[in-house]
Amino acid sequence: MKQKKYLVLLVSLLAAVVLATPVLGACAPQAPAKEKVIKIGYLLDLTGPVSVSLGKNTLATWLTPYRDLNDRGGINGVRVEPMWEDYAFNVDRAVAAYKKFKDGGAVVIHPITTLAAEAIQPLSTRDRIPLVGNSTTDKLVDPTQWHYTLSPSYTQMFASIIKYVKDNWKDTSRKPRIAQIAWDAPIGRGHIAASEAYAKQIGVDLGPWEFIPLIPLDTTPNLLRIKDAKPDFVVLQFGNNISAVSVLRDALKLGMLDKVTWINGFQNVNAAVSNWEAIGDGTLGISDTIFPEETNIPGVNALFDTLGKYIAPDPATKKPYFDGTTGLILRADLAVIEALTRGVNKVGFEKLDGPAVKDALETFKDYDLKGLVAPLTFGPTKRQGQSSMRFFQLDFKAKQWKSQTNWIQSPAQYDDTGKIAFK
Amino acid sequence: MLPCGTFNETYAQDMAIVRTRLQWGLFIAAIIGVLTLPLYASGYIVSTTIATGITLIAVMGLAIVTGYCGQFSLGQAGFIGVGAYTSAILVSQLHVPFLIAVPVAGVVAALVGLIFAIPSLRIKGFYLVMVTIGAHFIIVWTIIHLPKLTGGADGMVAPWANIGGFTFDSDTKYFYFVIPVVILMTFLARNIGRTRVGRAFVAIRDNDLAAEVMGINLFSYKMLAFAMSAFYAGIAGALWGPFLGRISPEHFTLLDAVWYLGMVIVGGMGSILGAVLGTVFLRILREVVSYLTPVVATAFPALERFAPATFGSIVFALAVIVFLIAEPRGLSHRWEIFKASYRLWPFSR
Amino acid sequence: MTTFLQLVLSGIMVGAIYSLVAIGIVLIFKSTGIFNIAQGAILMLGAYILFAFLVQLGWPLWISLIITFFLAVAAGYIIERLALRPLIGQSFLAAFMVTLALIGLLEGLITLVWGTFGRRYPEFIPPDPIHLGPLVLSQEYTWSFFIAMGLIVAFSLFFKYHPLGLAMRAVAEDHQVAQSTGISIKTAFSLSWVIGTVIATVGGILLATSAGVTISLGTVGLKAMPVVLLGGLESIPGAIVGGLIIGVLETVAAGYIDPYVGGGVAEVAPFVFMVLILLVKPYGLFGEHRIERI
């Protein structure tokens, strides 16, 4: 009767889980009852494919701004409590998590990836709960929807790259050419049509556009085609920088590593530098984030002050660890806190709901997060707070991205109907 | 086995699904219990019930082609995608009423299913599984590469369901559209198994050569089984769109298709009851596990960020493995044993 | 012409990796009748174990490799002993489902121990390519090619001549019949899982040297499925030939068709090709034709 043994095991396993839940729940520090609490939702990738690029950052780091706020007395004595959920880069789980937040009374939700933001955008608009995050696609700046973003989109990123290349091009005998090698996913495809229109307008050749799978085994065919087209710049557009290293290794093999200038897209730059190999040294990168090394920026020092209270320092740097991706997440936290503060000050705690937070967000006018991001402006028809980026260069020995330019506003801008237009 | 004192005197009695008074009582109570759910349950439970119901339709389709007819299919997620996109395109671009778009989505999915069913005459077992995996990738690839029609990799808006001017724009409203459809589809699936067609399916499953010798046209019945299964998937897809508001290729993954098959296996092959039990069991298990994650994280703040979330998926996988070892024939088998021993009590020990 | 030859060469090298994954699946299927869908996850486990010793503990390469393979043997045995042995004699479906759940379990355990970060090994296979006239080859793939070739010879001989290999084939044919001739099914099961795990580990290490150690590594297991089916579920030479065909097909299709259809052909080409081949040869290129009786 071996099977019976397993049945007993199964039942006891499930029973243990069910019993453990309330016990663990009781261990957790409970907020005193009757306290004034604002709930917000926090949709995270703790596991799943995208979590690779989130590196060594911890959940505690991401939630620190709220913890610090509550310890400093909250917003006029009102605590802010983030409900968080791991959705493992799965649409169904993102939607399920969203419904939990809605039930829990969240007044604003912070989805950290584009997939999550796009999945819950129609639902949040219907249920009148604003979303604030760093994801931007052409759909996510639609003024009829309730999604607010702090970041430029990939279309704007690519337009900035085109402009940067054009501005720095000295050879008058021919036009520069930019190729792209990307994941076969929206991250690599969404911006192509608009970029081609803009490139034609200002006189830059684009293409070929090459696509590789998430785990690239061999990118030789793609690189051979790029090599045939003789581009001057190649954009590496992936969700994590491991794929970029694989591509560069294949490029070394084909002898084209030094023939072109490699430009890394947002995600390659934001992800942990420790994933890079020497091969990536000197490649350019474009991003709208900030790095912990940039202590000349007041916002970075303020972040370290806040994080230092709660997060144990990294043995190597003697400072709390965070990287580019977390820089984005933390600044969105700060923007959410500011919106909640304005909302509470305007309508009071009792009346603070989704629409009130939306109204508060729309009062943002050139709001400065101490240099963590270009000044933010939202409005009834403006869903994108800013669209400035900087160019960086990878210094592999120092394990950091060194900034090459100041904040540059993208030549591509979304108008009042959410359509993209080029200056 | 029938309960004591229940005898079949007419053909109608022999065929009845619900027969004793107690069963009628339980049946009606269950229907009322489900339909009044939004009155007392939280919004999250209502929403989860809708999602489970839609999944259930797709899994029942799989139970027909795999459970009854013995043809393994991992293309179900792809067929759901076909249904979802068909319905969304019909409603948003051609302005077809939603009530018509749903069955049309089912029919289109069934037609696509037929194309991939053709190899099933020659190909069997795991080789057929591969063909259906091929179907999945080919469908998803096609969706991504028809951007004019489908919005490509970015996905497209699926309008909220609208019938005669009434918009189902909240979960509670949509609940009352989805649940009757689920009940109807369950009723149909349960009865297909008891018709001539269903018996032919079972004969093919048990031994296809013997079935052919008995005069069953293998090709047309296998095609029919695939078409029915894809039809169910298409209906499920058409219901997904208005639940989410937007669909994209990322909604339809191969892993989902594999887990649909998993639900059939965990529930027990060859019965619709199994499909229902398997779907509900795995869904509840997942909900329990996802509830655990924040609890563990709050109780042990020192853990790294991924540990609590991972803990959930480990418990889920372990429970499934242990369950399969304990009961390889599925939940419905266990239920039959329980029923028999309940009816024979006190002689069943 | 050079482009074409380069594509074919790259394809052969990629195909060798697919073959390594496929051999493991075929081996387990051949001797236990279980289709192990978790081969990709097992491969990933192997890659991470080496990572632990080589990078995290900083031990020398050869010691790390020995320990990794020792642990792979242990892992294969444990998986078989705890999860699959209780299912001997049960429907193959339940066993398939268990291997499916194994994916979740192994990915979960790997994440728990190593986290979700992506990393890389220090380079122990030199990154410098080998030049063959105008053509270039990477050393990692050359290694995997020869290892795959070595394994095919070894296992073909093993299954043809060695008593244990013959016993494993008998077990695959019919559990009861095999048992009645005095073959220990349990030994055959354990052995095939251990060998399957070790092969997966070889594949995982070679793959990770070029693609990095990440938790998405397991998706390669999915790519190996058309290879297995194309070659035939029971055929080890089939796994090799299938791997090479699919590898070449992918790169050549990506090279010549991609520009016309907007990319991504490499993802579907193997499946389209596999469906077409199966229509003509329903048991794959080298699979066993079952004679069916009523």
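Student: At what angle do helix H12 (residues 324-347) of chain A and helix H13 (residues 354-361) of chain A pack?

Tutor: This is a predicted model, in which local features need pLDDT of at least 70, side-chain atom pairs count only at pLDDT 80 or more, and totals for chains, interfaces and linings use all residues. Residues are numbered from 1 along each chain as its sequence is written, and chains are lettered from A in the order in which they are written. The axes of H12(A) and H13(A) lie 8 Å apart, and H12(A) is roughly perpendicular to H13(A) (a term for angles of 65 to 115 degrees). The packing angle is about 110 degrees.

Student: Which residues of H13(A) make the contact with H12(A)?

Tutor: Contact means heavy atoms within 4.5 Å. The residues on both sides divide into seven nonpolar, one polar and one charged; Ala, Val, Leu, Ile, Met, Phe, Trp, Tyr, Cys and Pro count as nonpolar, Asp, Glu, Lys and Arg as charged, and the others, Gly among them, as polar. H12(A) brings Ala339(A), Leu340(A), Arg342(A), Gly343(A) and Val347(A), while H13(A) brings Ala356(A), Val357(A), Ala360(A) and Leu361(A).

Student: Is Asn222(A) buried or exposed?

Tutor: Asn222(A) belongs to helix H8 (residues 220-229) of chain A. Among the residues that Asn222(A) touches are Phe211(A) and Asp258(C), leaving aside residues up to four places away in sequence. Buried means under 20% relative accessible area, with a 1.4 Å probe and protein chains only. At a relative accessible area of 3%, Asn222(A) is buried.

Student: How many of the ten residues of H8(A) are buried?

Tutor: The buried residues of H8(A) include Thr220(A), Pro221(A) and Ile226(A). H8(A) is largely enclosed by the rest of the structure, because the number of its buried residues is seven.

Student: How far does helix H13 (residues 254-267) of chain B reach from its first C-alpha to its last?

Tutor: H13(B) has 14 residues, and 13 of them are buried, so it is largely enclosed by the rest of the structure. The expected span is 1.5 Å times one less than the number of residues. For H13(B) the expected value is 20 Å, and the helix reaches 20 Å.

Student: What area is buried between chain C and chain A?

Tutor: Chain C gives 46 residues to the contact and chain A gives 31 residues. Thr116(C), Phe117(C) and Arg120(C) supply 17% of the area that chain C buries against chain A, more than any other three residues. Buried area is the accessible area (1.4 Å probe) that two parts lose on being put together, summed over both. Carbon and sulfur atoms give 59% of the total, which is about 2900 Å².

Notes:
Side-chain values use heavy atoms; hydrogens and water are left out. Axes are lines fitted to C-alpha atoms, for helices over the stretch in contact, and angles run from 0 to 180 degrees between N-to-C directions. Helices (H or I, at least four residues) and strands (E, at least two) are DSSP runs, numbered from the N terminus. Angles under 35 degrees count as roughly parallel, over 145 as roughly antiparallel, 65 to 115 as roughly perpendicular and the rest as oblique. Buried means under 20% relative accessible area, exposed over 50%, partly exposed in between (1.4 Å probe, protein chains only).
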